[in-house]
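Subject: Structure handover and findings

Hello,

Here is the structure for your files. My notes follow below it.

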Amino acid sequence: MNIALKFPAGFRWGAATAAYQIEGAAAEDGRTPSIWDTFSRVPGRVRNGDTGDIAADHYHRMPEDVALMRELGLTDYRFSIGWPRVQPTGRGPALQKGLDFYRRLADALLDAGIRPVATLYHWDLPQELEEAGGWPHRDTAERFAEYAALAADALGDRVVTWTTLNEPWCAAFLGYSSGVHAPGRTDPAAALRAAHHLNLAHGRAVAALRAALPTPAEISLTLNVHAVRPLSDAPADVAAARRIDAVGNRIFLDPVFHGRLPADLIEDTAGLTDWSFVHDGDLRAVSAPVDSLGVNYYSPTVAAAGPPEPSGEPSPWPGAAGRVRLVPAPGPRTAMDWPVDADGLYEVLTRLSGELPGTPLLVTENGAAYDDYADPSGAVHDPERVAYLDAHLAAVHRAIGAGADVRGYFLWSLLDNFEWAYGYGRRFGIVHVDFASQRRTPKDSAHWYAGVIARGGLGR
Ligand code: GBH
């Protein structure tokens, strides 16, 4: 095949997962419950009553899964460390058995020639810390820094890239404002406090990691940067998009990269909070330098002047709620009903490269849920996923051509897994998992991705 879109030498070809979504073994080796163990047991919160108790049983099948990654030719694998697996209840000494699992995982990856990329927080807050106040409570940030230090001490000689947080927007606003994610609270003011304490947790963890890690270590943060567009050029639509950008993007980007809070966000949220929970010195701690920024992208967000359609659901957008109507982008949809729009990924990458010169970018998640189907031979076909991934990788290539310093791409996800509030009913994997037998079958998209990696680019 002609390689029309060749990626730079050294481009990192990865896949991503998260602890609670794949590991299972929820009560094994001393692990204690996280907010997702609790939330998934509340009737009505997760479809079909699904939980991560068993998930893809990766805790027991890790060697088989690393062998699959090697066959794919991955250069990098992004996983998350389960906080309640390595520091039960979120306080006190490390649990050796939990750390041993991640040591074995990192060793298996290194043996397979795959770089371990570890995320410290992919939403599994120890339940006891939620009971002490959760992310709206300042002490949670200090607990997180302690956990980061303990993980770095145990795994610092093996992990190549450290990511502090995955998508703090989801943790704060889906967890504490709309309540569709754990812990399921619906308090917009508390969600704003949570956002600040997640920023603080990130900054304190960067300091703890720098102190504990051998050099060179890459320290990063992953944001779901919203590709927000106004519905039209009308000033009211542009203002609506600005509000979403403030509480969706700049609430994290400005403190982390510029050590400041967006002035418009403070104005937009004036009826909810006076931000007095931001103490002197916090923004300096939050803006400790990082080595790269991870970007997760799935679909764009189109904003128009409000009010929203009355859905009865609490909003995840404090300061925009009631004034902004999110309009479904046109075109095809995935099984999540999310629009397929690869231009949004290009927009996000070129925006960030313009705003953050000198900060390398990694696409740490991108992918799609589709219903796949097996033919009589057992092969699993997922043509829409191949098309989605191909179009989005082409957008990454185009962004690099426009000058964006994108160093790698991690597709979401290696395996079908526990898709949070959707349970096992939505499949993002390039490897099919039969959750009854735990049998893994690489889908067409896995074979396709292996070819892309082997050729270093996309055919056209
Ligand atoms: C990621 O979250 C997660 O990191 C990963 O664990 C998960 O499995 C994967 O995506 C697939 O869901 O305009 O309010 O509707 C992505 C979460 C989904 C958050 C789309 C923003 C639209 C926000 N994002 N969502 S809204």
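I start with P188. Leaving aside neighbours within four places in sequence, P188 is in contact with Y176, S177, L272 and P318. Contact here means heavy atoms within 4.5 Å. P188 is found in helix α9. Helices (H or I, at least four residues) and strands (E, at least two) are DSSP runs, numbered from the N terminus. At 30% relative accessibility, P188 counts as partly exposed. The accessibility classes are buried (under 20% relative accessible area), exposed (over 50%) and partly exposed (in between), with a 1.4 Å probe and protein chains only. P188 and A321 are 133 residues apart in sequence, yet their C-alpha atoms are 9.7 Å apart in space.

Two notes on the basis of all this. This is a predicted model, in which local features need pLDDT of at least 70 and side-chain atom pairs count only at pLDDT 80 or more, while totals for chains, interfaces and linings use all residues. Residues are numbered from 1 along each chain as its sequence is written, and side-chain values use heavy atoms, with hydrogens and water left out.

H202 is buried, with a relative accessible area of 1%. Its side chain makes a polar contact of 2.7 Å with the side chain of T164. A polar contact is a pair of N or O atoms within 3.5 Å; within protein, one must be able to donate a hydrogen and the other to accept it, and residues adjacent in sequence count only if both atoms are side-chain atoms. Beyond four places in sequence, H202 is in contact with T164, L165, S220, L221, V256, V286 and V290.

P216 sits in the loop between α9 and β6 (218-223). The peptide bond joining T215 and P216 is cis, with omega about -5°.

I219 is in strand β6. I219 is buried, with a relative accessible area of 1%. I219 and V290 are 71 residues apart in sequence and 5.5 Å apart in space, C-alpha to C-alpha. With neighbours within four places set aside, the contacts of I219 are W162, V206, L209, R210, L213, V290, D291 and S292.

The annotated residue

Which residue does the UniProt annotation "active site" cover? It covers E365, and the entry is unreviewed. UniProt positions are given in the numbering used here, feature names are shortened, and annotations may be inferred rather than shown by experiment. E365 lies in strand β11 (residues 361-365). E365 counts as buried, at 4% relative accessibility. A polar contact of 3.0 Å joins its side chain to that of R78. Leaving aside neighbours within four places in sequence, E365 is in contact with A16, R78, H122, N166, E167, V295, N296, Y297, Y298, F410 and W412.

W412 has a backbone feature of its own. The peptide bond from W412 to S413 is cis, with omega near 15°. S413 lies in the loop between β14 (406-412) and β15 (431-434).

Positive phi

A25 has a positive phi of about 50° although it is not a glycine. A25 lies in the loop between α1 (19-22) and α2 (35-39). A25 counts as buried, at 6% relative accessibility. D57, also not a glycine, has a positive phi of about 55°. D57 is in the loop between α2 and α3 (58-72). At 11% relative accessibility, D57 counts as buried.

Core and helix packing

In soluble globular proteins, nonpolar side chains tend to be buried together. Here the largest nonpolar core has 153 residues. A nonpolar core is a set of buried Ala, Val, Leu, Ile, Met, Phe, Trp, Tyr and Cys residues joined through side-chain atoms within 4.5 Å. W36, I81, Y121, W135, F144, F173 and Y449 touch the most other members. Beyond four places in sequence, the contacts of I81 include V86, Y102, L120, Y147 and W162.

The axes of helix α14 (residues 383-401) and helix α15 (residues 444-455) come within 9 Å and cross at roughly 30°. That makes α14 roughly parallel to α15. Angles under 35 degrees count as roughly parallel, over 145 as roughly antiparallel, 65 to 115 as roughly perpendicular and the rest as oblique. Axes are lines fitted to C-alpha atoms, for helices over the stretch in contact, and angles run from 0 to 180 degrees between N-to-C directions. R385, V386, L389, D390 and L393 in α14 meet D444, S445, W448, Y449 and V452 in α15.

Best wishes
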